Structure formats: C-alpha cells, structure tokens
Amino acid sequence: MKRIVTPVCFLISSLVFQNLQAQNLTEFNKAPLKQQVYVQLPLGSIKAKGWLLKQLEQQRDGATGMAEELYPEKDNLGKNTDWLGGDGNGWERVPYYVKGLVALAYTLDDPALKAKAQKYIDWTLNNQQPNGLFGPPKMKDWWPRMPMMYALQSYYEATNDKRVIPFLSKYFKYELANLDADPLKEWGKSRAGDNMEIAIWLYNKTGDKDLLKLVEKLKEQAYPWIDIYTNNGFYFYGDDFQPKHMVNVAQALKFPVVYAQLNDSPANRDALLKGIQHIMHDHGQPEGLGSGTEFLAGTSSVEGVETCTVVEWMQSLETAAKVIHEAKIGDQLEKVAFNALPAQFSRDFKNHSYYTLPNQVQSVHGEHGFNQDYASGIVSSPYSGYGCCRYNMHMGWPYFVKNSVVATPGKGLAVITYGPMEIETLVAGNKKIKITEETNYPFEEQIRLKIGLTAPASFPLILRIPAWSIKPVIKLNGTLLSGVKAGEMFSISRDWKNNDQLELNFPMEVSTQIQVNNSVSVMRGPIVYALEIKAENKITKTHPVAGFTDYEILPASPWNYGLSLTKGNLNSTVKIEKSAMPENPFIAASSPVKLKIQGKKIPSWGLGYNKVAAFDVPFSPVASDEKDEEITLVPYGSENIRLSCFPVIGQPKKVNKSLTESFDKGMAADWVFYGGGWFWKDGQVNSASNAGSGGYGIKGSKYVANGTDFKDFTYQADVKINTAGDAGLMFRVSNPAIGPDAYQGYYVGLNPVDGTVQLGKASDQKWIVLSSAKYPVEMNKMYTLKIVAKGDNFDIFINGSAKAILSAKDSQYQSGTIGLRAYKALASFDSVKINAF
C-alpha cells in the first residue's frame with residue numbers, strides 16, 4: 001500500500017451534519033482475531049447520489065417496494081407467512097427479502113420501507129423461543145436463519161435497537177450447543193460462511209469467546225471451501241451438487257477470508273483469489289464472474305449467470321475487501337456491480353431475468369438445455385425462473401452502497417468502490433466528517449472528494465487506484481501527489497481541514513479481453529461494452545399489480561457482427577461518443593458513453609437448433625465478405641439483450657495439422673463444453689455427475705476443441721466409462737450446442753452396459769447409427785480408442801488392435817473440430833492425439 005503524509009492547512013468553517021450514525025457501533029477485531037481488518041460503517045452512514053441514487057429509488061418504486069403485493073401467498077410474503085406467525089412456509093424467501101429491504105430502507109431513509117421491514121424484524125425479535133432458537137418454530141433448518149441475521153445486523157447498526165445483541169447471543173449459544181446433534185446439511189453446510197461472519201461481528205461486540213468456538217465448529221461442519229477453491233474441486237463431490245451450485249460457490253467465496261480472521265494462514269488468505277482464478281479460467285464470462293445455470297457451466301457465450309449469483313458474488317467481494325486490502329478486490333467488485341448487476345433487471349427494476357447470457361440476442365420462452373432449465377429462465381418478469389432470485393436480488397445495490405467506504409483500525413477511512421455518494425461518519429476517534437463524492441464515475445474518469453470537518457482531524461484516507469487506469473492522478477487542494485500507481489491502495493495520512501478537496505483522475509482506455517472461442521470483449525475502465533441491439537418488447541402476461549408484466553424481447557436490428565480490429569492502438573480507431581449524463585445511465589438509447597467501432601455481419605451465424613438462443617460465438621478469426629459498417633457499443637448493463645463476446649474478422653486460423661492434449665495442467669485451452677459439466681482432476685478431464693439437475697443438460701454432454709479443423713487424420717484418446725451410459729470421441733464436428741444430438745458431425749462411443757462400440761452421426765438433431773459391433777467394454781477400465789478417417793472411410797481401433805473393430809463409410813461431413821462426449825455417463829479422458837494425413 002502506498003502511503004503519503006502531507007501537512008497542508010486550510011481554514012475551518014462550520015458544518016451541519018444530519019443523520020450521523022452512532023459510531024460507537026463500529027468495533028474492530030478483538031484479539032485473538034486478525035488485526036488491521038476494516039469494518040463497514042453503520043447502515044445509513046453512506047447516502048447515494050446521482051445515478052446511484054436512481055437505482056435505489058427504482059428499487060423502492062419497483063420490485064422491492066411492491067414485493068408484498070407481487071408475492072402475497074402465505075408461502076411467500078403474505079400476511080400469513082410463518083415469519084409473521086402464520087401457517088405458511090416462507091423458508092429462505094422472507095429472510096432473503098428482509099435482508100435487502102432493511103439495507104434499502106435505511107440507505108434511502110425511507111419511512112414506508114422501514115415500516116415494511118419493521119414488522120418482520122419485530123416478529124423475529126419478539127418471538128424467540130426460550131432455548132434461543134428463532135424464526136418459525138416448525139422450520140428445522142439452520143440456513144434460512146443466516147440471511148435473517150444479516151438483516152438484524154444491518155437493522156441494529158441503523159437503529160441501535162437494544163434487543164438485537166442479546167437476541168443473537170442467545171441464539172448462538174443454542175446453535176453451539178446443538179450443532180453436534182443437528183449438524184449443518186445441504187444449504188447450511190454450503191453457506192456457513194454467512195453464519196461465521198455474523199458470529200465474528202457479535203464477538204467484537206461482546207467478547208464472548210464461545211462465539212469463536214462456534215466459528216470453529218461451523219468451519220468444521222461446512223464444506224471444505226478453502227480446499228475446494230485452492231484445488232478447483234467444485235466437481236469432486238459426485239452426486240452432491242452443492243459445491244458446484246454456482247450460487248453456493250459465489251456465496252462461499254467469503255468463507256476463506258472470514259475464517260482467516262481466526263486463523264490467518266496463507267492458505268486461508270489466498271483461497272478466495274485462487275478460487276476466482278480457477279472459476280474465471282474454466283467458467284469465466286465478460287461481466288466479471290463465472291457462469292452457472294445453476295451449476296458451473298463453462299465459458300460458452302450462451303450459458304448464463306443467475307441473479308442470486310451476482311448479488312452473492314458481490315457480497316463476498318465486499319467482505320473480502322475488508323480483510324484483503326488489495327485493489328484487485330474492488331476492481332472485481334465494480335466490474336460485477338456496473339455490468340452484471342444492472343443487466344439482470346429491467347430498466348425500471350420491476351422485472352428481473354433469472355439467467356442472463358453474455359450473448360443473449362433475444363429473450364423468449366423456451367428450454368435451453370441448462371442443467372437447471374426453466375422455460376421462463378431468461379424472460380423479463382417478476383416471476384422469471386425459480387423463486388429464490390426474486391427475493392435475494394434486493395440486496396445488490398444497497399449492499400454495494402453501504403460497503404463502498406469502510407472504517408480502518410487507524411481511525412480513518414478506506415474507499416473500496418466509487419460512485420456519487422455522501423459519507424457521514426466519525427474519524428480520528430470522535431471527529432465528525434462529511435465526504436461528498438461528486439462524480440459520474442464509472443461513466444467519467446474524474447472523481448471529486450470534498451472533505452467537511454467540524455474540527456481539524458488527523459487520520460489516514462485510503463483510496464483504491466484501479467489497475468485498469470492509465471497514468472492515474474490524484475491532486476490534493478490542487479497539488480499533484482506523487483507515488484500514485486494503478487492497482488494499489490494509496491494512503492494519505494495528514495492533518496485534514498475543513499474544505500480540503502481531492503481530485504482523482506483515472507484515465508480510461510478502450511481495450512479487449514480474450515473470451516470463449518478466441519472472441520473478444522470490449523472494455524473501457526470498469527465497463528464492458530456490448531452491441532447496441534434495437535429491442536422489441538412483446539408483452540406475454542399482465543399481472544394484477546399495475547405496471548408489472550412479463551415480456552419477451554426480440555431483436556429489431558441485426559446482431560450477428562464480428563469486429564474489424566486493426567493492428568495497433570485500439571483507441572486510435574474506436575470513437576468514444578459522450579453525451580449528457582442522464583438520470584439513469586443504464587438505458588442504452590441515452591447512455592452517456594457509447595463506442596463506435598468497425599464491424600462486419602457474419603451471415604452464417606444465427607440462432608441455434610432450438611431457435612431460443614444464438615449458436616455459440618464462432619471461433620475467431622472469422623471470414624466475412626460483408627462490407628464494413630460502423631456499429632455502436634453500449635454498456636453491458638444498459639440492455640436486456642446483448643452481444644458481448646465478439647468474433648474477430650479475419651482469415652480463419654484453426655489447428656489442422658496435429659494436436660496433443662495431455663490435460664496435465666488443467667482444462668485445455670480453446671475447448672468448450674456444451675451441456676452437463678466437465679472438470680479436471682488427477683491429469684484427466686472428466687464428465688460430471690449432474691444429479692439434482694432435473695435431467696437437463698446431461699444427455700450427450702460435449703467437450704469440444706473449437707479451434708481445430710481436421711479432415712483426414714488419425715485421432716486417438718484414452719477413455720474410461722465409470723457408470724452406465726456411453727462415452728467416446730467426436731470428429732468432423734461443427735455447430736455444437738446443448739442437447740443430445742445438437743451438433744453436426746460424427747461420434748464413436750463405448751458402452752459397457754451392452755458391450756458395444758458404436759459409430760454414428762448427428763444430422764438434423766437425430767442420431768443415425770452407421771456401424772456397431774460387440775466389444776467387451778468394462779466399467780472403470782481405460783481404453784485407447786482410435787479413429788482413422790480418410791475421405792468417406794472410417795476405421796475404429798481399440799487398445800492398439802491390428803484390425804479395425806468396426807468400419808463405416810459416410811460422406812456427409814468432410815471436416816470439422818474434434819471433441820469428447822458422454823451420454824448419461826460419468827467418464828474420464830486423457831492423452832488426446834490427432835495427426836492429419
């Protein structure tokens with residue numbers, strides 16, 4: 001961390017502070033916990049302004065404020081929910097909602113929202129059982145109580161309600177006494193980090209050492225997330241879907257850093273960043289997080305991310321930023337907040353989409369073949385997909401605001417993320433401070449911090465300098481500060497005076513990042529840019545609550561563009577078009593920053609077999625004879641249909657001579673999976689169990705080397721089938737997608753159940769057998785499967801057999817990619833080798 005000490009002095013003027021929160025509610029880590037950990041300011045200390053305030057106001061006037069009317073059933077937010085003493089079954093839905101509702105209500109200081117929240121808070125606090133258990137008496141599950149504890153934490157810090165601390169103390173004593181007899185399971189076992197975080201927060205209030213025993217016990221009973229993130233072990237649990245469920249993965253990202261406060265080992269500190277690195281390598285998407293539909297779903301541009309994942313990923317980074325004081329945490333948090341979060345919602349925050357896709361060129365009803373598939377999963381609706389997200393999503397923006405600036409043990413402040421806001425708190429022990437942050441960031445490069453003090457104060461102010469910034473500059477009262485470097489936390493320790501001013505300038509350049517199939521995403525600062533697609537909304541359902549409808553979104557302009565990128569500095573060819581800052585910058589038509597870039601249509605790229613989504617982005621470079629056009633890119637989060645993984649126009653350069661892939665170091669580069677799940681372990685790539693997926697996405701799951709194009713060749717790999725079903729090799733493949741026979745090309749598979757080897761092809765999404773032969777295939781035994789393809793003739797060999805086990809002749813497909821495939825089977829693959837004739 002860069003530190004600077006300056007002695008600049010200015011005159012003092014009087015200030016009026018309103019709604020200053022009781023800062024004695026901010027306690028830092030007590031021994032034996034890790035020291036130098038930041039803490040959040042009491043809820044209400046940070047007020048949003050400008051465009052950021054608009055997002056919160058839209059929540060109030062949209063889905064958050066109207067949630068009880070939208071979901072009035074007793075099992076949801078109705079008056080007879082069991083979280084208000086009724087006979088419903090609210091489970092996680094009420095706590096999820098109240099967690100976000102409390103944060104929104106007190107951030108906006110909105111009386112109506114506070115009243116909505118108060119009835120849930122009061123019922124919860126006033127109906128604790130004598131033994132300490134709280135919530136609906138019939139609910140035998142640790143998990144739903146965890147989000148309600150966050151709601152109580154926020155409520156206490158906003159109100160100092162004296163009921164909260166003894167209430168939680170009593171509950172945690174109950175939990176510690178009963179976890180051995182009733183251990184964590186399923187969702188609670190996955191999400192124990194939430195429970196641990198609140199227990200540590202309470203320990204810093206009370207000093208009760210039993211709370212640290214509780215943290216240890218919770219850690220012991222939880223999934224071994226530290227090992228999972230460190231070793232990329234999400235798929236190592238067979239039929240247990242919890243560790244590969246992406247919401248769990250995102251939510252548990254905080255687990256290692258929460259526990260690191262009690263056991264500050266390198267393994268605990270490093271696990272979060274190692275986990276993110278693994279996720280982004282194997283499942284990364286342009287908007288800054290990993291795919292999950294609902295299980296981790298690879299890098300395909302037409303796989304999605306769940307709304308719950310977005311807000312949980314954000315909260316995990318918000319927690320991590322307090323423990324790991326690295327600029328990259330805030331950089332990642334902003335990327336998700338400014339891109340993925342607004343993309344999940346309609347422009348007015350009345351609707352959400354359960355899943356959003358990097359390349360989502362339309363939003364219509366229909367099944368995609370996702371591991372957890374919902375016909376309404378990408379449709380804009382208050383009821384899109386499964387019910388969890390419509391309750392959990394409300395914390396996204398309010399939690400972002402309340403965690404943007406945190407208190408430091410040095411009696412100062414650290415700015416983790418930027419945006420228009422106002423911070424009122426105490427520094428230097430008990431000195432009142434008001435910081436006004438004037439900016440249209442991230443849509444502009446300048447941020448102005450105005451310091452208001454009732455008396456001079458000496459304290460550190462720590463500023464995150466984004467890693468993407470080119471030659472960042474900070475001025476203090478007009479004087480340039482030295483030592484400012486991109487990607488660092490910059491600390492200014494000085495005697496601060498009233499009316500001191502900081503000017504931050506973070507120059508943004510247009511850049512590209514490689515994505516799936518060698519495509520690129522386009523960025524400027526923390527914003528990812530997507531093709532501006534004119535949209536046509538088609539209302540499919542009108543709801544009883546006025547102003548709320550379901551609607552499909554269809555493209556009213558072409559979307560199948562590739563980018564014509566010239567060599568050299570991209571900034572010299574991309575035109576940056578700036579306009580006046582609108583009230584809501586997440587509306588494409590009035591976006592304050594648009595990019596103009598050259599592109600060409602790719603006529604061969606269209607909708608996939610099911611006509612619900614596009615085909616995956618074609619492997620770049622891609623040839624096109626179309627004329628160059630100037631196309632417009634807008635912020636990723638300003639649209640509900642988008643293209644953000646762009647092919648690059650050029651002469652195709654696919655591997656066509658030879659390829660060897662031993663999977664020695666992990667998942668292979670330029671391979672993409674379609675359907676089901678694929679993972680690396682012990683030097684092999686494996687098709688994953690998808691128990692709990694409802695049967696979607698596991699029939700004919702494919703792992704395809706899209707950067708290859710082979711015609712005549714010898715192709716072999718080691719194949720082991722571990723369960724019933726069949727598995728084997730694909731060749732001369734094009735247009736792979738999710739679905740049993742959603743590809744064009746050939747496949748040869750081994751089946752240990754009926755003892756056969758079979759060669760066939762997929763044509764018009766139908767499986768056609770070309771040749772089949774008996775062969776004594778055994779489960780859990782590795783076989784070397786070899787294909788010799790020459791012209792129309794195919795010969796199949798097993799384990800080095802001198803004579804072909806079977807042969808076939810077919811002329812439909814002349815060349816294409818290679819890949820691996822499993823049909824209703826768990827299988828392992830190794831030692832891929834292909835050589836062209």
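The radius of gyration here is taken over C-alpha atoms, and the globule rule sets it at 2.2 Å times the number of residues to the power 0.38. With 837 residues, a compact globule would come out near 28 Å, and the protein has 28 Å, which agrees. Keep in mind that this is a predicted model: local features need pLDDT of at least 70, side-chain atom pairs count only at pLDDT 80 or more, and totals for chains, interfaces and linings use all residues. Residues are numbered from 1 along each chain as its sequence is written, and side-chain values use heavy atoms, with hydrogens and water left out.

**Overall build**

- The C-alpha atoms fill a box of roughly 90 × 65 × 55 Å, taken along the principal axes.
- The secondary structure comes to 17 helices and 41 strands; these are DSSP runs numbered from the N terminus, with helices being H or I of at least four residues and strands being E of at least two.
- Of the 837 residues, 63% count as buried; buried means under 20% relative accessible area, exposed means over 50%, and partly exposed is in between (1.4 Å probe, protein chains only).
- Among contacts (heavy atoms within 4.5 Å) between residues at least 6 apart in sequence, 71% join residues at least 24 apart.

**Nonpolar cores**

- In soluble globular proteins, nonpolar side chains tend to be buried together.
- A nonpolar core is counted as a set of buried Ala, Val, Leu, Ile, Met, Phe, Trp, Tyr and Cys residues joined through side-chain atoms within 4.5 Å.
- The largest such core has 220 residues, and those with the most contacts inside it are L168, F172, W313, L463 and L502.
- Helix 3 (residues 93-108) supplies the largest share of this core, with 11 residues.
- Apart from this core lies another, of 45 residues, which includes M667, V685, V777 and I798.
- To see the surroundings of L168, leave aside its neighbours within four places in sequence: L168 is then in contact with M149, L152, I198, W201 and L202.

**Strands and sheets**

- Strands of a sheet pair through backbone hydrogen bonds, either parallel or antiparallel.
- Two strands are said to pair if DSSP finds at least two bridges between them.
- An open sheet is formed by 7 strands in the order 3-9-10-11-16-13-14, with antiparallel pairing.
- Its edge strands are strand 3 (46-48) and strand 14 (479-480), each of which pairs on one side only.
- Strand 15 (residues 489-496) has 6 of its 8 residues buried, so it is largely enclosed by the rest of the structure.

**Salt bridges**

- The structure holds 33 salt bridges, each being a side-chain nitrogen of Lys or Arg within 4 Å of a carboxyl oxygen of Asp or Glu.
- E68 forms a salt bridge with K116, the closest N and O atoms being 4.0 Å apart. E68 lies in helix 2 (residues 67-70) and K116 in helix 4 (residues 111-126), so the pair ties together parts that are 48 residues apart in sequence. E68 and K116 are both buried.
- K434 forms a salt bridge with E422, with 3.8 Å between the closest N and O atoms. K434 lies in strand 10 (residues 431-439) and E422 in strand 9 (residues 421-427), so this pair ties together parts that are 12 residues apart in sequence. K434 counts as partly exposed at 22% relative accessibility, while E422 counts as buried at 15%.
- K761 forms a salt bridge with D810, where the closest N and O atoms are 3.0 Å apart. K761 lies in strand 35 (residues 756-763) and D810 in the loop between strand 39 (806-809) and strand 40 (816-823), so the pair ties together parts that are 49 residues apart in sequence. Both K761 and D810 are buried.
- Salt bridges that share partners join E68, E69, K116 and K119 into one network.

**Cysteines**

- With a disulfide taken as a pair of cysteine sulfur atoms within 2.5 Å, the count comes to 0.
- C308 is in no disulfide, and the nearest cysteine sulfur, that of C389, is 3.3 Å away. C308 is buried, with a relative accessible area of 1%.
- C388 is in no disulfide either, and its nearest cysteine sulfur, that of C308, is 3.8 Å away. C388 counts as buried at 8% relative accessibility.
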